[in-house]
Amino acid sequence: MSRSAHPAGPRHADVLPEGHYTAPAADLNVLDPKVWAQTVTRTESGSVSVGGIDVATLAEEFGTPAYFVDETDFRARARAWRTAFGHDADVFYAGKAFLSRAVVRWLDEEGLNLDVCSGGELATALSAGMPAERIAFHGNNKSVAEITQAVEVGVGRIVLDSFQEIVRVAHIAQSLGKRQRVQIRVTVGVEAHTHEFIATAHEDQKFGIALADGQAAEAVRRALTLDGLELIGIHSHIGSQIFDMAGFEVAARRVVSLLAQIRDEHGVELPEIDLGGGLGIAYTSDDDPREPHEIAKALGEIVTRECEAARLRTPRISVEPGRAIVGPTAFTLYEVGTVKPLEGLRTYVSVDGGMSDNIRTALYDAEYSVALVSRTSEAEPMLVRVVGKHCESGDIVVKDAFLPSDLAPGDLIAVPATGAYCRSMASNYNHALRPPVVAVRDGEARVIVRRETEEDLLRLDVG
Ligand SMILES: *Cc1c(COP(=O)(O)O)cnc(C)c1O
């Protein structure tokens, strides 16, 4: 069994049981709107278009493999999150899901804030004009240079991740004559993935400071005594690709009880809590994600109820969706290179990309869908595995799916829901050239991240 290593064990990666695949859809030509970006449709000629542009035209102009992001859909999702949470909450887009200067501008225009977790992400955000006070800086091992830059430019908050970092950030802020707004990231003992979560006393992972054994309370005590820090709240992020709100409920309850403890011990009511990201999206037709307004309502109710019970003023809530905003808005377009039937097993469909543009299948056993998009077909469905061109048998893009049995070299196929953690985790394995990201909107397509060239590769290799 080739189960890949998720820190919480295979049960907690976004996986389905070994050997699982859904039966073929009744009609493989139909695109399930749940997994495809908003403006993706099949045209009368049978090919697929996004933003009003045919995929064949896009492939001709931009090449394959390439990521196409539906800007209309991205903006709509960003707006839906912002309006769902209204004026009582802040939405921070998690830049690690996918960040580029165009994306930063879209977020800025739609009124969202931004999470970054490295100097590179911060530089991208600032260079696209995101106001520093709307940026939050994350990470379990921010360098002194990163912290210094973040404090200097005046980021809205730094999320402190360890006892050493509390002192480090305080010292840097003080030496710059500043008081930095900070939150403390706590681990609440909830590990949540997809349809299940486990609540434990201790978490065996690198992020945050444990609520257990009074550690988080001690971190708060220390932060409150340091002049360089203004402690504004508590942060919790419990997992990824979560559909079930129960994990958030346990997390919120535990964070609120810490707030009550802080009030009792220090006479301070911290004004903010951040419940992190991790909201799931549909990668296949089997997934049923919740709408932002349902999530906002559920989270708001949980926090309000817990605060009333603890007689606390309800803090300002923030959330940090990454995948849930950008994930569904893009697809990867590939050209089929070879089709290899393995008698009695399945047919291997090799495409011109692979694990270098989508590592999630190899890394997490993630599930994806796939469709023939350059034409329709009435041929019988065949069970396929879509694989890449890398020198590695684990180079799988879509583990189990159905495509028409007349699939042939030269056909274009597309994998939907690749907006998050695909380009941002892309690599140069086998000296692959990382694909471009092309934004499509209202009949216009423009490159927002260009394709790498051999010249780019050779420029880094200084001989
Ligand atoms: C990764 C991450 C997120 C975003 O997670 P998604 O699954 O993309 O929503 C939000 N907050 C923190 C602290 C993270 O590490």
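Biologist: In which loop is the place of Lys96?

Modeller: This is a predicted model, in which local features need pLDDT of at least 70 and side-chain atom pairs count only at pLDDT 80 or more, while totals for chains, interfaces and linings use all residues. Residues are numbered from 1 along each chain as its sequence is written, and side-chain values use heavy atoms, with hydrogens and water left out. Helices (H or I, at least four residues) and strands (E, at least two) are DSSP runs numbered from the N terminus, and on that basis Lys96 belongs to the loop between β5 (89-94) and α3 (101-110).

Biologist: Is Lys96 buried, partly exposed or exposed?

Modeller: Buried means under 20% relative accessible area, exposed over 50% and partly exposed in between, with a 1.4 Å probe and protein chains only. Because the relative accessibility of Lys96 is 41%, this residue counts as partly exposed.

Biologist: Which annotation in UniProt covers Lys96?

Modeller: UniProt positions are given here in the numbering used for this model, with shortened feature names, and annotations may be inferred rather than shown by experiment. The entry, which is unreviewed, covers Lys96 with "modified residue: N6-(pyridoxal phosphate)lysine".

Biologist: How many residues surround the ligand?

Modeller: A residue is near a molecule if one of its heavy atoms lies within 4 Å of it. The closest are Lys96, Gly278, Glu320, Arg323 and Tyr421, and the residues that surround the ligand number 14.

Biologist: How far from an oxygen atom of the ligand does a polar side-chain atom of Tyr421 lie?

Modeller: A polar contact is a pair of N or O atoms within 3.5 Å; within protein, one must be able to donate a hydrogen and the other to accept it, and residues adjacent in sequence count only if both atoms are side-chain atoms. A polar backbone atom of Gly278 is 2.8 Å from a ligand oxygen, and an N or O atom in the His237 side chain is 3.5 Å from a ligand nitrogen. For the polar side-chain atom of Tyr421 and a ligand oxygen, the distance is 2.5 Å.

Biologist: Which residues does Tyr421 touch, not counting those up to four places away in sequence?

Modeller: Tyr421 is in the loop between β22 (412-416) and β23 (437-441), and counts as buried because its relative accessibility is 14%. With contact meaning heavy atoms within 4.5 Å, the residues that Tyr421 touches, apart from those up to four places away in sequence, are Lys96, Ala97, Arg323 and Arg360.
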